[in-house]
Number of protein chains: 2
Amino acid sequence: MKMERGIIPRKIKGFRDIDASLNELRQHIIRSASAVYRKYGFEHWDTPVLEYADALGKYMPDEDTVDQGVYNFRNPEEEPVAGTDGNELRDADAKAIMEHHALALRYDLTAPLARVYAERLWQDVKRKQIMETNAPLFRRFQYGPVYRYELKLMPGRFREFWQLDFDTVGTNDVAADAEACIILAEAMEAIGLNRGTYVVKVNNRKVLKGFLASIGVTGDQEEQGVLRVIDKLDKIGWSDVEAELGTGRTDSSGAAVPGMNLHAEAIGRIMRFLRSATGVSSRKSVLGELETAVAGNNLGMEGIAELKNMDALWAALGFDETRIIFDPTLMRGMAYYTGPVFEVESLLTFKDEKGKERKVGSICGGGRYDGLVEKLLGLKVPATGASIGVDRLAELLRMVDPAGVTAKGPVMIAFFDDDLQTQYYRIAAELRQAGIDVEVYCGFFKGFRKMNKQMAYADAKNCPAVILLGADEAAKGVATVKNLKLGKELALTTFDKKEWNAQVQKEVPLGNLVEYILGLPGMK
Amino acid sequence: MKMERGIIPRKIKGFRDIDASLNELRQHIIRSASAVYRKYGFEHWDTPVLEYADALGKYMPDEDTVDQGVYNFRNPEEEPVAGTDGNELRDADAKAIMEHHALALRYDLTAPLARVYAERLWQDVKRKQIMETNAPLFRRFQYGPVYRYELKLMPGRFREFWQLDFDTVGTNDVAADAEACIILAEAMEAIGLNRGTYVVKVNNRKVLKGFLASIGVTGDQEEQGVLRVIDKLDKIGWSDVEAELGTGRTDSSGAAVPGMNLHAEAIGRIMRFLRSATGVSSRKSVLGELETAVAGNNLGMEGIAELKNMDALWAALGFDETRIIFDPTLMRGMAYYTGPVFEVESLLTFKDEKGKERKVGSICGGGRYDGLVEKLLGLKVPATGASIGVDRLAELLRMVDPAGVTAKGPVMIAFFDDDLQTQYYRIAAELRQAGIDVEVYCGFFKGFRKMNKQMAYADAKNCPAVILLGADEAAKGVATVKNLKLGKELALTTFDKKEWNAQVQKEVPLGNLVEYILGLPGMK
């Protein structure tokens with residue numbers, strides 16, 4: 001067998017091309033949400049797709065090493081290795097130690113933000129010119145692709161996907177967290193999700209930690225274990241969570257799922273804590289339940305005080321429980337969150353391929369991360385922010401309104417006659433002057449410009465109309481305009497070809513062409 | 001000496017962050033040019049930043065291997081190796097051969113376009129359902145970052161930079177090339193370059209090749225050598241080009257530059273050919289000169305006929321020599337061009353750091369590449385297109401109008417008094433309702449919100465105005481509005497602090513705040 005390798009035109013698994021319609025949606029989301037971000041004083045920044053792996057840190061969700069889940073490779077260039085003081089490390093002969101540094105494709109937009117902020121201040125911090133209490137405020141938004149090397153690629157998940165983040169670095173005021181939730185709600189509505197079809201859910205890591213401490217669950221490992229079980233609530237339900245907090249359970253495949261082996265009283269209190277918001281519509285009542293649950297634990301009370309402040313600001317600004325609720329079961333995956341966490345959940349459902357009703361679920365997430373910048377800068381700089389999952393939201397909009405997501409094509413001028421080519425381009429220029437997008441069909445060899453192929457092209461491109469101009473028409477000073485949009489509609493009800501033609505095709509004097517096209521439905 | 005490595009917050013060499021002002025410019029360029037592209041029927045597509053290296057091909061400018069100048073690495077995932085028929089290759093035991101495929105960061109947007117087009121048709125071509133004469137037409141535009149691993153990084157050059165391309169795949173009609181030049185001219189003016197400050201220069205590889213053949217320069221190597229020398233014309237000037245076509249020369253450092261050793265008559269004819277357009281303003285006259293130069297060579301005459309067709313279309317549409325010219329010296333680096341090539345040159349000059357007047361030079365380039373898709377698809381599909389160097393153009397706009405490129409900040413509400421926090425957010429909401437971007441200052445710990453720091457923040461962020469509201473003002477139902485824009489202007493002429501204050505600060509009743517802010521210059 002001959003072993004000749006082929007070059008197959010293909011994409012990397014987990015990557016995809018974005019066609020005009022999906023791009024239209026993506027841009028709509030970016031435009032709408034960015035305008036809201038700007039309205040709140042966030043400015044637009046951009047950072048490289050590629051970064052030094054060490055400067056990105058190890059903040060992946062559920063990962064404790066940057067190597068897992070991240071695309072990384074060695075820089076082709078050798079560079080000096082720096083010590084903790086920033087100066088080059090030297091070997092015994094005082095020669096600078098050189099290395100191909102590890103590079104990584106960014107896995108989110110938060111780690112690069114921490115790098116931007118830390119890079120700007122690093123020298124000043126070393127010189128003690130910047131301290132905790134005068135660390136500058138920085139509010140920016142950013143969008144673009146991020147990369148995750150997911151070993152098991154689930155359907156609908158991608159290894160390259162877009163995020164749209166806004167963050168405030170340099171504030172410990174939970175007003176910034178409260179504002180972030182408001183911004184998320186406004187962004188959702190700007191994007192086109194009706195009020196009532198989404199909800200911003202809010203929790204506080206401090207309340208959780210304080211509550212767990214109050215029932216004797218302390219230590220990072222036990223705490224993380226409990227949080228991980230709770231995080232599965234949406235997937236496995238109340239009784240399985242209860243089982244996993246206790247002696248464990250057997251899953252549907254018969255495999256044993258080990259439990260946390262907490263004692264019955266602790267489990268009871270955790271379940272009650274988690275249910276504090278079940279059937280409770282008012283944020284104030286949830287706060288009351290939580291206050292009982294944390295039983296005076298200091299950290300827990302601090303967290304509740306923060307949520308109270310946030311609630312007061314929302315109430316004053318008219319953001320009631322139809323838009324923002326407290327949810328004690330909300331965990332968020334990121335290990336770096338330190339205070340309030342929030343998530344936007346779409347309340348819309350869809351039917352999956354088996355006809356089963358399914359929830360869309362989480363479309364944005366965020367929270368406070370007071371320790372992230374410190375890891376790079378050695379200075380505690382509190383921060384909070386959130387991220388919209390652009391591609392996930394685009395899929396959602398596609399489900400909500402499949403017809404509204406097709407990119408509108410240009411008006412097409414069909415190519416009939418070589419001798420009329422200049423006139424086709426002249427007519428196109430005239431229409432463009434009036435603000436109309438126009439394409440003169442120019443596919444392949446002139447001799448092969450078959451009319452059925454041209455019409456199929458216009459159809460696939462969602463062109464609203466096609467202008468037909470042959471020698472006879474040119475002599476009469478008219479063109480035939482075919483209304484493709486109307487044609488598609490009539491095709492469903494009109495089966496008489498002649499009648500269809502009479503309605504869909506009009507002969508229009510060349511002098512009236514601009515006016516006629518502008519008058520077609522949907523053209524303005 | 002202790003060898004502890006530091007984690008220094010830093011960017012990779014040759015990469016950069018884009019701040020709000022530069023982003024504003026970048027987005028302005030993308031918005032303006034995209035609207036022109038759409039106007040001509042191009043639809044917006046996007047492709048992954050990361051691709052299989054083999055599917056990107058070897059089309060780097062002046063490079064004959066994709067490994068040079070490209071960031072590439074091995075996929076962490078093992079995948080089967082495919083043969084030329086697309087099926088998996090198997091070893092002696094019939095086991096699929098697995099490999100970590102080579103991945104690359106895209107080095108331009110043209111190679112991914114060829115991949116997109118080829119991927120869509122590959123199966124149909126194998127089944128002979130698609131042939132040369134029915135290869136579909138595809139017109140798309142795309143923008144985003146591309147990556148070049150430049151070994152020597154010149155000042156102002158980056159390893160990550162943005163391009164903004166439009167291409168037509170599936171046409172051999174030079175009307176598409178003529179249209180591309182028109183689109184480039186319109187895009188430049190939409191972006192804000194005045195007519196007369198740029199020119200679209202056009203040449204044709206066929207004319208060049210035909211001419212060289214007519215004087216006995218044939219064979220790829222000799223031909224490429226001559227083209228490379230001519231390409232240096234802008235840099236080294238006429239006499240050095242003449243020397244390098246002959247016996248060579250000595251450069252300013254004293255190093256010997258070898259020559260092509262052409263005979264004197266050939267050199268004379270090349271120099272005359274290159275000078276055909278010098279001092280000749282009309283495209284028609286240049287065509288006449290070229291016709292004499294190619295002396296009946298078939299390929300050359302074919303190229304001239306193409307240029308004639310393009311000239312006729314431009315003339316009919318009013319694009320004269322103030323916008324589009326023929327330039328026989330134009331080469332373009334890409335080896336893959338096969339017909340017309342074009343370039344936009346900025347005619348603006350700037351003073352460099354030594355005060356020397358310099359030209360900005362090339363800001364866009366493109367041309368016809370009839371062989372590119374064939375390399376992936378095995379089917380000759382002609383194509384043409386062009387690319388705007390977004391970052392280069394942004395630098396140009398920055399030089400042309402340094403004041404016009406600062407991102408406008410939000411109106412800022414200063415933070416005076418904890419008890420007024422809710423009111424600050426209420427006022428902000430009211431102003432936003434009226435379409436004003438507003439930020440309530442939320443920097444760091446409330447107790448550390450020093451007024452001078454807040455004003456410096458507003459200043460750095462280019463805020464047009466700051467609203468000051470303390471307990472006294474709140475009791476009176478007024479706020480003080482500081483007009484920062486006016487303040488900056490007056491600071492140049494008014495040295496009396498009291499007078500400056502009187503002009504810059506106004507007490508405004510809270511009920512009139514929206515109206516007052518909207519009335520400030522530059523707010524609408």
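Predicted model: local features only at pLDDT ≥ 70, side-chain atom pairs only at ≥ 80, totals over all residues.
## Overall build

Start with chain A. Chain A holds 19 helices and 20 strands. Its C-alpha trace spans about 90 × 70 × 60 Å along the principal axes. Chain A has 524 residues, and 43% of them count as buried.

## Two copies, one axis

Chain A can be laid on chain B with an RMSD of 0.1 Å. The move is a turn of 180° with a shift of 0.0 Å along the axis. The two copies are thus related as by a two-fold rotation axis. Which residue of chain A has its C-alpha nearest the axis? That is Phe73(A), at 3.1 Å.

Now look at where the copies meet. Of the interface residues of chain A, 99% are also interface residues in chain B, so the copies meet through the same surface.

## The eight-stranded sheet

In chain A, 8 strands form an open sheet with mixed pairing. The order is E1-E7-E8-E15-E14-E13-E9-E12. Strand E1 (43–44) and strand E12 (324–326) of chain A are the edge strands, and each pairs on one side only. E12(A) runs parallel to E9(A), and 3 bridges join them. Within this pair, Val202(A) has Phe326(A) in E12(A) as its bridge partner.

Turn to chain B for strand E8 (residues 160–169). This strand is mostly covered, with 9 of its 10 residues buried. Strand E7 (residues 138–147) of chain B runs antiparallel to E8(B), and 10 bridges join the two. In this pairing, Phe161(B) in E8(B) stands opposite Val146(B). E8(B) is also joined to strand E15 (residues 383–389) of chain B, by 7 bridges, and these two run antiparallel. Here Phe166(B) has Ala386(B) in E15(B) as its bridge partner.

## A three-stranded sheet

Chain B also has an open sheet of 3 strands, in the order E2-E6-E3, with antiparallel pairing. Strand E2 (50–52) and strand E3 (72–74) of chain B stand at the edges. Each has a single partner strand, so one side of each is left without a neighbour in the sheet. Neighbouring strands of this sheet are turned by 35° against each other on average, direction ignored.

Look at one pair in detail. E2(B) and strand E6 (residues 102–105) of chain B run antiparallel, joined by 3 bridges. Tyr52(B) has Leu103(B) in E6(B) as its bridge partner.

## The nonpolar core

In soluble globular proteins, nonpolar side chains tend to be buried together. The largest nonpolar core here has 277 residues. Which of them touch the most other members? They are Leu184(A) and Leu184(B).

Leu184(B) touches Val200(B), Phe342(B), Val344(B), Cys364(B) and Ala386(B), leaving aside residues up to four places away in sequence.

## Helices in chain A

Helix H1 (residues 20–39) and helix H4 (residues 175–191) of chain A pack at an angle of about 140°. Their axes are 8 Å apart. The crossing of H1(A) and H4(A) is right-handed. On the H1(A) side, the residues that meet H4(A) include Ile29(A), Ala33(A) and Val36(A). On the H4(A) side, those that meet H1(A) include Ile183(A), Ala187(A) and Ile191(A).

Helix H5 (residues 205–214) of chain A has 8 of its 10 residues buried, so it is largely enclosed by the rest of the structure. Among the buried ones are Arg205(A), Lys206(A) and Phe211(A). What covers the buried residues of H5(A)? The cover includes strand E9 (198–204), helix H6 (220–231) and strand E13 (340–351) of chain A. Gly216(A) follows H5(A), and its phi is positive, near 90°.

## A glutamate in helix H14

Glu430(A) sits in helix H14 (residues 421–433) of chain A. Is Glu430(A) buried or partly exposed? Glu430(A) has 14 C-beta neighbours inside 10 Å, so it counts as partly exposed. Its C-alpha is separated by 77 Å from that of Leu262(A), which lies 168 residues apart along the chain.

Key: Residues numbered from 1 in each chain as written. Chains lettered and ligands numbered in written order. Least-squares fit on C-alpha atoms with pLDDT ≥ 70 in both. Contact = placed C-beta atoms within 7 Å. Pairing = 2+ DSSP bridges. Helix = DSSP H or I, 4+ residues; strand = E, 2+ residues; numbered from the N terminus. Axes fitted to C-alpha atoms, helices over the stretch in contact; angles between N-to-C directions. Core = buried A, V, L, I, M, F, W, Y, C linked by C-beta atoms within 7 Å. Buried ≥ 20, exposed ≤ 12 C-beta atoms within 10 Å, placed from the backbone. Left-handed = near helix turned anticlockwise from the far one by under 90°.
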